[in-house]
Amino acid sequence: MVTVKPAMFVLTKRTWSGLEHMPDQGGVIIAANHVSEADPLILAHFVFDAGRWPQFLAKSSLFKIPLLGPYLRAVKQIPVYRGTADAVKSLDAAAAALQDGEGVIIYPEGTTPKSGELWPQRGKTGVARLFLRTGAPVVPIITWGPQTILDPRTRKVRLRPRTPVTVIAGPPIDLSKWKGVEPTAANLYAITDEIMTVLRDMLAEVRGETAPEQPSAARRTDEGKTA
């Protein structure tokens with residue numbers, strides 16, 4: 001964060017809200033929407049300001065990049081091995097971090113939208129699996145504005161000082177009716193849909209728009225890709 005925060009102070013004009021919803025201590029799953037490849041830096045800034053270390057589940061390919069990979073490991077980021085036999089290792093590492101009282105940030109969508117209006121896409125079931133495994137609270141966070149810095153649909157980069165960005169954390173999502181249930185496909189889908197609907201509704205409020213119907217995790221064709 002020594003290098004991230006000064007850069008964010010110059011690049012962004014920040015509207016933070018809901019910092020009080022972040023638990024001061026103990027394991028917490030942070031579920032966030034994903035509108036741009038620029039939003040992890042902004043989200044990291046917000047989470048750090050909330051008093052927690054920003055620990056992401058990030059694509060394993062990033063860890064193969066010279067200099068960047070060793071840096072990500074040094075600052076406790078967790079690689080996600082999608083669609084491989086090592087995929088379970090990501091959830092194991094995240095669960096261990098939660099049980100050690102750390103915060104883990106997950107983008108349930110797994111990627112940024114490549115078309116459309118940047119509403120939350122269909123979620124993967126990694127957050128649901130971690131919740132059932134650890135019982136850690138799930139705090140929803142929405143970000144809006146980073147897409148003007150880097151638009152994932154056009155790949156257009158626009159680096160201008162004081163770009164407005166909004167980050168809002170909501171209260172932990174009430175998932176109590178699923179606490180202790182078996183991680184069946186139906187339960188994982190239901191929990192995932194609940195989380196993604198909360199993120200959609202929070203984003204609709206920030207945007208001042210009516211959100212489209214949220215795609216259900218149950219209609220995924222690649223359910224095996226869970227994190």
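Modeller: In this predicted model, helix H1 (residues 4-11) and helix H2 (residues 39-49) have axes that come within 10 Å and cross at roughly 110°. Angles of 65 to 115 degrees count as roughly perpendicular, so H1 is roughly perpendicular to H2. The crossing of these two helices is left-handed. On the H1 side, the residues that meet H2 are Val 4, Lys 5, Met 8 and Phe 9. Their partners in H2 are Leu 41, Ile 42, His 45, Phe 48 and Asp 49. Sorted by class, this contact has six nonpolar, one polar and two charged residues.

Now consider which residues of H1 are buried: they are Val 4, Lys 5, Met 8 and Leu 11. These residues lie on the same side of H1, because they cover an arc of only 135° around the axis. Among the elements that cover them are H2, strand S1 (12-17) and strand S7 (163-169).

Another pair of helices is H4 (residues 87-99) and H5 (residues 126-134), which pack at an angle of about 45° with their axes 10 Å apart. That angle makes H4 oblique to H5. Here the crossing is right-handed. H4 contributes Leu 91, Asp 92, Ala 94, Ala 95, Leu 98 and Gln 99 to the contact, and H5 contributes Gly 126, Arg 129, Leu 130, Arg 133 and Thr 134. By class, the contact of H4 with H5 has five nonpolar, three polar and three charged residues.

Technical notes
Residues numbered from 1 in each chain as written. Predicted model: local features only at pLDDT ≥ 70, side-chain atom pairs only at ≥ 80, totals over all residues. Heavy atoms only, no water. Axes fitted to C-alpha atoms, helices over the stretch in contact; angles between N-to-C directions. Helix = DSSP H or I, 4+ residues; strand = E, 2+ residues; numbered from the N terminus. Parallel < 35°, antiparallel > 145°, perpendicular 65-115°, else oblique. Left-handed = near helix turned anticlockwise from the far one by under 90°. Contact = heavy atoms within 4.5 Å. Nonpolar A, V, L, I, M, F, W, Y, C, P; charged D, E, K, R; others polar. Buried < 20%, exposed > 50% of the residue type's maximum accessible area, 1.4 Å probe, protein only. Arc of directions from axis to C-beta.
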